[in-house]
Amino acid sequence: ATPAATMVGSTLSATNGVLFKGGDVLERVRGIDTVVFDKTGTLTHGEMTLTDVVVFDSDEMVPDGGNRAPDGGVLDASEREGSRESMVLAAGAAAESGSEHPIARAVVEGAQERGIDVGDVHEFENVPGHGIRAETDHGSVLVGRRELLADAGIDPDPAEETLTRLEREGKTAILVAIDGQLAGVLAVADEVRDSAKETVAALRERDIEVVMLTGDNERTARAVAEAVGIDPENVRAEVFPEDKADHVETLQAATVRTSRSWIPFGGKTERNTRVMMVGDGVNDAPALTAAHVGVAIGSGTDVAIESADVTLMRDDPADVLKAVRISEATISKVR
Ligand code: ADP
Ligand code: MG
């Protein structure tokens, strides 16, 4: 970019809540033909709330099969169900109490709001992209995705119907196992950001392909994709943190025929796809670096912001479109 382009770009960006790191970023933004959005914290607020606690019928889960109240009285069926729910939630919350993950915070807050005594966590292991292993007052607890339990030799299949139902509702459902036994399912939900849908529509109108990349499961991801207008075939779900950058590189290795009008040489050209990746998390940082343009949500993690070329100060997905518009306006003015 010429110094003039840099100046115009920076001036515009300062008043628009879009921060470009250097003038050549504008040129690169102008050339993109695909936008990849992270789901959690980017298309959604990333502030999750506990919505469901489902327990499986196992008498071994609760002392006395959950039949006894603390005062020694016998519980009726609904009280018994309630005490099992509390037990599963307490175990899950204890395990999650050492984690900063949005899921973990939702589970811990959900337990607090319900007045449940969570107890202590003695040992704790975070398995990124999978969940938590912990030793708690409630026993050995696993909380996380299907694979976390399967890897420990616990069959997650009996929970499949429950998981599927919750995931179709766009919720993230996680399994809880206590002392080697499948105990229940917790679900958390997140709200889609207000401008996500209109932004996806506006990008697509400009012939920009829109893709979702998430560690969350396929069904939840698809439900959110549908809500914001992303094609089901453009959903990349269950992607491990270390694989997000690979997905961006694979997209960029593909050839695209683009007819976007501001592409030089007659407006039609065949070349490698240029990806703009938008994310907020530590998980997204390598993908932000790998992309033609990395865009960080302003309230995201420091490492995401450091890895990005553009920062959205207002956490508003609509500012992705604004960045594209600024890059076009800047170039055409200078020319
Ligand atoms: P995202 O890419 O959506 O930010 P992550 O890669 O952090 O998601 O996590 C992927 C999946 O791993 C989650 O949807 C969840 O099933 C599981 N998981 C990760 N961390 C935790 C945790 N602390 N507690 C429970 N489950 C977790
Ligand atoms: Mg995220």
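What follows is a set of questions and answers about this predicted model.

Q: What kind of model is this, and what pLDDT do local features need?
A: Residues are numbered from 1 along each chain as its sequence is written, while chains are lettered from A and ligands numbered from 1 in the order in which they are written. It's a predicted model in which side-chain atom pairs count only at pLDDT 80 or more, totals for chains, interfaces and linings use all residues, and local features need a pLDDT of at least 70.

Q: How many helices and strands are in the protein chain?
A: Helices here are DSSP runs of H or I with at least four residues, strands are E runs of at least two, and both are numbered from the N terminus. Buried residues make up 46% of the 335 residues in the chain; buried means 20 or more other C-beta atoms within 10 Å of the residue's own, exposed means 12 or fewer, and partly exposed is in between, with C-beta atoms placed from the backbone. As for the count, the chain has 13 helices and 15 strands.

Q: Which helix gives the most to the side of domain 1 that touches domain 2?
A: Domain 1 covers 3-45 + 192-334 and domain 2 covers 49-189, with bounds from an automatic or database domain assignment. The contact takes 11 residues from domain 1 and 10 residues from domain 2, where contact means C-beta atoms, placed from the backbone, within 7 Å. With five residues, the top contributor on the domain 1 side is helix α9 (residues 218-228).

Q: Which residues are buried in α9?
A: The cover over the buried residues of α9 includes α3, α7 (160-168), β7, α8 (196-205), β9 and β10. Just past the helix, Gly229 takes a positive phi of about 85°. The buried ones in α9 are Arg219, Thr220, Ala221, Val224, Ala225 and Val228.

Q: Which residues come nearest to ligand 1?
A: The shell around ligand 1 draws at least three residues from each of domain 1 and domain 2. A residue counts as near if its C-beta atom, placed from the backbone, lies within 6 Å of the molecule or strand in question. Of the 22 residues around the ligand, the nearest are Thr40, His101, Gly131, Arg145 and Gly215.

Q: How many charged residues does the shell around ligand 1 have?
A: Elements that give two or more residues to this shell are α3 (39-43), α5 (102-113), β5 (131-136), β6 (139-144) and β7 (172-178). For the classes, Ala, Val, Leu, Ile, Met, Phe, Trp, Tyr, Cys and Pro count as nonpolar, Asp, Glu, Lys and Arg as charged, and the others, Gly among them, as polar. The shell has six nonpolar and 12 polar residues, and the charged ones number four.

Q: What is the bridge partner of Val295 in β15?
A: Strand β14 (residues 293-297) and strand β15 (residues 310-312) run parallel and are joined by three bridges. The partner of Val295 is Val310.

Q: Is Asp207 buried or exposed?
A: Asp207 lies in the loop between α8 and β9. Its phi is positive, about 70°, although it is not a glycine. Most residues other than glycine have a negative phi. With 11 C-beta neighbours inside 10 Å, Asp207 counts as exposed.

Q: What is the phi of Glu238?
A: Glu238 is found in the loop between β10 and α10. With 16 other C-beta atoms within 10 Å, Glu238 is partly exposed. Its phi is a positive value in a residue other than glycine, near 55°.

Q: Which residues is His130 in contact with, leaving aside its neighbours within four places in sequence?
A: His130 lies in the loop between β4 (121-127) and β5, and counts as partly exposed with 19 C-beta neighbours inside 10 Å. Its contacts beyond those neighbours are Gly144, Arg145, Glu147 and Leu148.

How values were computed. Two residues are in contact if their C-beta atoms, placed from the backbone, lie within 7 Å. Two strands pair if DSSP finds at least two bridges between them.
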